[in-house]
Amino acid sequence: MDVEKFIEPSSTYHMLGGDDPYSYAQNSEYQKQLVVSAEELIYKLIDKHLDIEKPSFDPNNIFRIGDFGCSIGPNTFFAVENIIKSVENKYKSNIKNPRIPEYHVFFNDHVDNDFNALFRNIPITRKYFPAGVPGSFHGRLFPNATLHFVHCSTALHWLSRIPKEVTETNSTAFNKGRIHYTGAKKEVKEAYSTQYRKDIKSFLSARAQELVPGGLMALVILGFPVGVLTSESSIGIGFNILGSCLEDMVRMNFSEQFTYVID
Ligand SMILES: C[S@@+](CC[C@H](N)C(=O)[O-])C[C@H]1O[C@@H](n2cnc3c(N)ncnc32)[C@H](O)[C@@H]1O
């Protein structure tokens, strides 16, 4: 099979590696809370919907889990442990099929993710065989019907690219160098929304092929209740503050990496 055609050019932005005070590992309590808040739901999802009687549940008794956009831990380890605990519970309570599978866990993130830090930090008490899978989750990363459970937490809000229109000065969707659509005009929001639709579609169609029939997927995605504006949310306010700091840094010439036009 020609896998190349599924590989999208991925951006190289990734979380800060290592274990120092500025690393993602030391600064991801917010994301951890989201993993924790999904624990119970995932347990119930597996208990109710995982059909381990299906032939796709490996005759060799291997259960494969993929965590997409895993970063460097530790949150991915909590999520995986919870999935395994829930699957184990499901197998143990199955009178027809009480055996416990072996687990193969695939940790996916961008190629520039600090996979060494990830592997260093995997708990020694783990009950699974770990593997790293580098590459963009907007394309195919696994052969057909490989995974029994797909997990992705606080990663799907990352777009594969900045919509071109928001960076073009002559476009009606020009976002004046800002990093986000909080409080922006309709055209800017539409440009982001169109990009998001494309990205989520490619994520879902890739996973649809990679999941075994009867496999399950849990996606933890940031969202807002209907009627709440991003500009009223803590995230929206946070992005505005962050964006304004970045704009100041560009003006002060602190970074040559920023290519946005600032007016
Ligand atoms: C906020 S972190 C969340 C990490 C982890 N899931 C957690 O809950 O702590 C988002 C992660 O998604 C990864 N990511 C973003 N876009 C990606 C893509 N297209 N393919 C793979 N990983 C991606 C980033 O590199 C980053 O590590």
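The report below covers the basis of the model, the ligand site and one glycine.

## Basis of the model

This is a predicted model, in which local features need pLDDT of at least 70 and side-chain atom pairs count only at pLDDT 80 or more, while totals for chains, interfaces and linings use all residues. Residues are numbered from 1 along each chain as its sequence is written, and side-chain values use heavy atoms, with hydrogens and water left out.

## The ligand site

The ligand is surrounded by 20 residues (each with a heavy atom within 4 Å of it), and the closest are Y24, G69, D109, F137 and S153. By class, this shell holds seven nonpolar, twelve polar and one charged residue, where Ala, Val, Leu, Ile, Met, Phe, Trp, Tyr, Cys and Pro count as nonpolar, Asp, Glu, Lys and Arg as charged, and the others, Gly among them, as polar.

Among the polar contacts (pairs of N or O atoms within 3.5 Å), a backbone N or O atom of G69 lies 2.8 Å from a ligand nitrogen, and a polar backbone atom of S153 is 2.9 Å from a nitrogen atom of the ligand. The side chain of N75 places an N or O atom 2.9 Å from a ligand oxygen. Taken alone, the ligand exposes 600 Å², of which the protein buries 98% (Shrake-Rupley method, 1.4 Å probe).

## Glycine 215

G215 is found in strand β5, residues 211-220 (strands are DSSP runs of E, at least two residues). It counts as buried because its relative accessibility is 19%, the limit being under 20% with a 1.4 Å probe and protein chains only.

Leaving aside residues up to four places away in sequence, G215 touches F57 and H148 (heavy atoms within 4.5 Å). G215 and L50 are 165 residues apart in sequence, yet their C-alpha atoms are 6.9 Å apart in space.

How values were computed:
Polar contact = N/O pair within 3.5 Å; in protein donor to acceptor, adjacent residues only side chain to side chain. Helix = DSSP H or I, 4+ residues; strand = E, 2+ residues; numbered from the N terminus. Buried < 20%, exposed > 50% of the residue type's maximum accessible area, 1.4 Å probe, protein only.
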